[in-house]
Amino acid sequence: MKEHKVKLAILKQLSAGGFHSGEELGQEFGVSRAAISKHIKGIQQWGVDIFRIQGKGYQLAAPMQLLDESILKAKTHKPLELIPIIDSTNQYLLERTEQLESGTVCIAEYQGKGRGRRGREWISPFGSNLYLSVFWRLDAGMAAAMGLSIVVGVAIVEALQAFGIQGVKLKWPNDLYYQDRKLAGILVEMSGQAGGAANLVIGMGINLRMAEQTAGITQPWTSVGEILGEQNFDRNLLAVELVNAIHQALDDYELHGMSHFVERWNPLDNYLGRKVKLIMGNREIEGIERGINEQGAVLLETKQGIEAFIGGEISLRGQA
Ligand code: ATP
Ligand code: BTN
């Protein structure tokens, strides 16, 4: 077995619950107890909290539901690959756009190099969140790509609502917020043009049951688990709903453009009517946020009136 295959098999055993001794796991996978102990350390480096009690063995600190490729494939409508351990699901698809059918999905349990906008890191511990990307050949071309994070953001919030997760809002252009804390992020990347069409990858990371003590996140964040409290939810079914919602939104966008997404975005805008600042390099503009327009630009009311801003280099920040 390849090294991470043993780790994944150990995780499968542990995710069933209870204690599992090094001896039992060693016998199961044909390796020594020392090798199991090494694998456990490797799994811990993926961000999984496992503890050991002398005489009993190893146990997960929190329950974990693994993703199941057969369920994901059966309930979605485009090619899908579950690659448990990956650098970045966006990167994986970007490197393969020539061979892939538009709509292909890549989903992972752990990303070693998950990324956000402008090369920022997306913290991606194993098994506790969702990391998924969709390859899309956009016939409308590059110019229409800016609208994609808007369209996909709206679709994801609506899918969460249908799943019973209420109160999630959008922060222009690519984040999902709950009570002013970041729940999820969307990253749209391009790999170039083929004819008039643009090859795009739309990635989404959403926190589900990420441990509170997770290191490396520099701003307030939350998770679906925190929103739902003790209420249980099925991670595979949530992934299915989100993938299907993204596909549906992309089809809609190809057919109808941004127009009917603007009215769906504005009531969900976390900063609508609130004082914000836009940061563009070393320039900052303050104003009242007034939603978005049909190009997907954010509208800011300043002393000069209402102005539209658009571009990958702009960051929006709430003001007290
Ligand atoms: P903007 O895109 O408007 O500049 P941003 O600060 O949210 O805003 P992004 O590039 O969108 O920046 O997102 C990356 C940031 O998100 C990281 O710098 C980090 O602080 C934060 N982050 C990383 N991983 C997670 C996570 N799993 N959950 C919540 N936030 C995260
Ligand atoms: C952001 O808030 O800046 C966007 C974060 C996007 C994270 C997702 S996780 C799946 C996909 N693969 C990546 O490397 N990034 C996106």
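Predicted model: local features only at pLDDT ≥ 70, side-chain atom pairs only at ≥ 80, totals over all residues.
Trainee: Why are β14 and β15 said to pair?

Mentor: Two strands pair if there are at least two bridges between them. Strand β14, residues 298–302, and β15 have five bridges in the antiparallel sense, so they meet the cut-off of at least two. In one place, T302 stands opposite G305 in β15.

Trainee: What makes β15 and β16 edge strands?

Mentor: The five-stranded open sheet has the order β15-β14-β13-β12-β16, with antiparallel pairing. β15 (305–309) and β16 (314–318) each have a single partner strand, so one side of each is left without a neighbour in the sheet. Neighbouring strands here are turned by 45° against each other on average, direction ignored.

Trainee: Which strands make up the sheet with mixed pairing, and in what order?

Mentor: Seven strands form that open sheet, in the order β3-β5-β7-β11-β10-β9-β8. Its edges are β3 (80–82) and β8 (168–171); each has a single partner strand, so one side of each lacks a neighbour in the sheet.

Trainee: Which strands does helix α8 touch?

Mentor: Helix α8 (residues 235–256) packs on the sheet and touches β5, β7 and β11. Its direction makes about 20° with that of β7. Helix α6 (residues 148–162) lies across β7, β8, β9, β10 and β11, and runs at about 140° to β10.

Trainee: What does the UniProt annotation say about residues 66–254?

Mentor: The unreviewed UniProt entry annotates them as "domain: BPL/LPL catalytic". In the model, that stretch is 28% helix and 29% strand.

Trainee: What makes the approach of S88 to ligand 2 a polar contact?

Mentor: A polar side-chain atom of S88 lies 2.8 Å from an oxygen atom of ligand 2. The cut-off for a pair of N or O atoms is 3.5 Å, so this pair counts. T89 has a polar side-chain atom 3.2 Å from a nitrogen atom of ligand 2, and D175 has one 3.2 Å from an oxygen atom of the ligand. The protein covers 98% of the 420 Å² of accessible area that ligand 2 has on its own.

Trainee: Which element gives the most to the shell around ligand 2?

Mentor: That is β10, with four residues. In total, 20 residues surround the ligand.

Key: Residues numbered from 1 in each chain as written. Chains lettered and ligands numbered in written order. Heavy atoms only, no water. Helix = DSSP H or I, 4+ residues; strand = E, 2+ residues; numbered from the N terminus. Axes fitted to C-alpha atoms, helices over the stretch in contact; angles between N-to-C directions. Contact = heavy atoms within 4.5 Å. UniProt positions renumbered as here; feature names shortened; annotations may be inferred. Near = heavy atom within 4 Å. Polar contact = N/O pair within 3.5 Å; in protein donor to acceptor, adjacent residues only side chain to side chain. Areas by Shrake-Rupley, 256 points an atom, 1.4 Å probe, with all protein chains shown as cover.
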